[in-house]
Amino acid sequence: MLGARIASAAVLIPIVLGLLWLGPETTALGTALAAVIGTYEFYTIAARSPYRFQPFAVGGYAASALFSLAGYLRQPLLMLAIIAGLGVAAFLYLRLAPGYSSFTSNAAGVATTSPPGKLGANWAISLFGPIYVGVPLGLVALIRSERPNLEAVWWILLICLGTWGADTGGYFAGRFFGKHKLAPKISPKKTVEGAIGGILLAMLGVALVGGLALNIPIYLTLPLGLVLAVASIAGDLFESWIKRRFDTKDSGKLIPGHGGLLDRIDSLLAVTVLVYLFMLIYPR
């Protein structure tokens, strides 16, 4: 497992850094592709769950990609319009598409109409997937496009270090020192000791990048690192909770040693939103 994780990281990290370094266009293309894949994985586990959700997939994929376009165009408010458009389109499709609600069957194999509540649930799932995955990745594209080249790269590296630090520190600290379970009903392998190790490593990474590259005072970088590390852990636990609710182990099999793409970026999604909010209030 460890070998597969290292091999996957050795392949993926240079690709991510390369797209980031080449410019806002390649960053937006990369985040759009990742958003579509992540949304596909979410819709897939939702459809295969005991609830048998049937989201408005085509619209969801389009919205996921459009969030990155909005970020590239430096139009964060356009993301709200995309959400509203998806909400209307999903409702109309789920309400009017012929036979769409007739996806359950009785003992004789005859199709039966699902309860009225299914429409609301499918509508919510249709929106949640793109918003959960696509909006944070759209914010990555926005940061890369909005800030000067090198500054933007450092901000996104700060996001990555806040995420990777918590993940890597948590993995090794938990492996060697973990004794007390953190959330056994959601993620049995996570430990309190692992969480502490992850928080410390993330704080160190954020402090180094924030202090040396972005000139953020140490009295801000340390608490920022703490908040980002906690958000990273919470993001991972949240996705684990979703998978348990949907009765699945991994979101996919795209990345050896990790599972699906969503399993790899779940923490980054939460961290990105908090970093963007910090950037809004922190003076340039």
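The model here is predicted, so local features need pLDDT of at least 70 and side-chain atom pairs count only at pLDDT 80 or more, while totals for chains, interfaces and linings use all residues. Residues are numbered from 1 along each chain as its sequence is written, and side-chain values use heavy atoms, with hydrogens and water left out.

**View 1. Aromatic pairs, starting with Tyr40 and Tyr61.** Searching the whole structure turns up 16 aromatic pairs. Rings of Phe, Tyr and Trp (its six-membered ring) pair if their centres lie within 6.5 Å; planes under 30 degrees apart are stacked, over 60 edge-to-face, and the rest tilted. Tyr40 and Tyr61 sit 6.4 Å apart, centre to centre, with planes at 50°, so this pair is tilted. Tyr40 belongs to helix α2 (residues 24-48) and Tyr61 to helix α3 (residues 57-72), so the pair ties together parts 21 residues apart in sequence. Helices here are DSSP runs (H or I, at least four residues), numbered from the N terminus.

**View 2. A cluster of rings.** Ring pairs link a cluster whose members include Tyr40, Phe53, Tyr61, Phe128 and Trp241.

**View 3. Lys118 over the face of Phe53.** Lys118 lies 5.6 Å from the ring centre of Phe53. A charge sits over a ring if NZ of Lys or CZ of Arg is within 6 Å of the ring centre and within 35 degrees of the ring normal.

Methods: Helices (H or I, at least four residues) and strands (E, at least two) are DSSP runs, numbered from the N terminus.
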